[in-house]
Amino acid sequence: MRIFSGIQPTGRKHLGNYIGAIVQYVAGQDRGEAIYSIVDLHSLTVPFDPRELPQLVYDTAAILLAAGLDPERCILFRQSDVHEHTELTWLLTSVTAKGELERMTQYKDKSAKQRELSTAGLFLYPVLMAADVLAYRAHEVPVGEDQRQHVELMRDVAGRFNARFGETLVVPEAVIPQVGARIMDLQDPTSKMSTTSASAEGTVYVLDEPAQIERKFKRAVTDSGKGVHRAPDKPGIANLIEILAVVRGVDPAVVEHEHREAGYGDFKVAVAAAVVDYLAPVRERYNELRADEARLESIFAAGAERARALASVTLADVRAAMGVGSPR
Ligand code: AMP
Ligand code: TRP
């Protein structure tokens, strides 16, 4: 069984990324052949700084390694090192419906924000993402809830390719965690936690200092009622319950039961303490791993070589199926 996922390069990975995706990547190493890519080409679809980008790729690699990815047990590589991704993107555009791309909610949200220049790259982002996965004939794609629509699209693309050109690609499936697939902003529990949210106070970063984490949880927005339990009118408390459940590795019902007598203030302190303990080892390992850029480059070089060996086989099949290039 083959697993593929991609993550955008930034050092500001947050608790949502960690719980929704990174924890699943680590677990994937024991479940199958796990392949993970830091998708620097996806970063070109929003404003970026060319001098900063290589550094952000290192930051992300160090976070992933600190979280427990082991280059001996998975393939970890930088997307732009494997040219097959960009070639397959173009080949797949011929079986991707423009209308489908227009319906992508992430595209609609992000393009509304690109006032000066709404780029074709942003529009084609989901096709590059489809190419990432389909190039490896991966079966499973561990992601958070916000990527479900993109995985649906790549399933359609793979299915359409196979119907038009013959059985060539594997139709992958999204693997979305039961609990923690959509961690909410602490200041606005009706929006998902994200790097680009209105207030930095609502986003807990993996690399935040313990004091920052404690402050953010203490100030978390909740309703004015009481009772630590999940309910539609209690999105703030429900979010904290989910976070504590994942961090402790228990069912949310266990958290509710244990804290049924607690006031909101005490409950927030308990969640903060658990998250601090949870992230502390990651932050410590990060500093050491991030310092050795030569080692990160050698991990990328080895990862890209292994990735290319797999992707080039798929590309040869795709080209042959489509009649592109000299006939085999
Ligand atoms: P990105 O940083 O956008 O590349 O996202 C990396 C992964 O984190 C993707 O699989 C997302 O689905 C997941 N993710 C992003 N935000 C959240 C969130 N608030 N809760 C859970 N998962 C998330
Ligand atoms: N679009 C994904 C995100 O924003 C990142 C990504 C790129 C990805 N390529 C992928 C995720 C392939 C899974 C598989 O989170």
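Visitor: How many residue pairs are in polar contact between domain 1 and domain 2?
Guide: The count is two residue pairs, both at pLDDT 80 or more. A polar contact is a pair of N or O atoms within 3.5 Å; within protein, one must be able to donate a hydrogen and the other to accept it, and residues adjacent in sequence count only if both atoms are side-chain atoms. This is a predicted model, where local features need pLDDT of at least 70, side-chain atom pairs count only at pLDDT 80 or more, and totals for chains, interfaces and linings use all residues. Residues are numbered from 1 along each chain as its sequence is written, and side-chain values use heavy atoms, without hydrogens and water.

Visitor: What makes domain 1 and domain 2 the parts of this protein?
Guide: An automatic or database domain assignment sets the bounds: domain 1 is 2–175 + 292–322, and domain 2 is 210–287.

Visitor: How many salt bridges does the rule find across the interface?
Guide: It finds zero between domain 1 and domain 2, since the rule asks for a side-chain nitrogen of Lys or Arg within 4 Å of a carboxyl oxygen of Asp or Glu.

Visitor: What area do domain 1 and domain 2 bury between them?
Guide: About 790 Å², 77% of it on carbon and sulfur atoms. Buried area is the accessible area (1.4 Å probe) that two parts lose on being put together, summed over both. L15, I19 and A66 supply 59% of the area that domain 1 buries against domain 2, more than any other three residues.

Visitor: Which residues of domain 1 and domain 2 are in contact, by number?
Guide: Nine of domain 1 touch nine of domain 2, where contact means heavy atoms within 4.5 Å.

Note on methods
Chains lettered and ligands numbered in written order.
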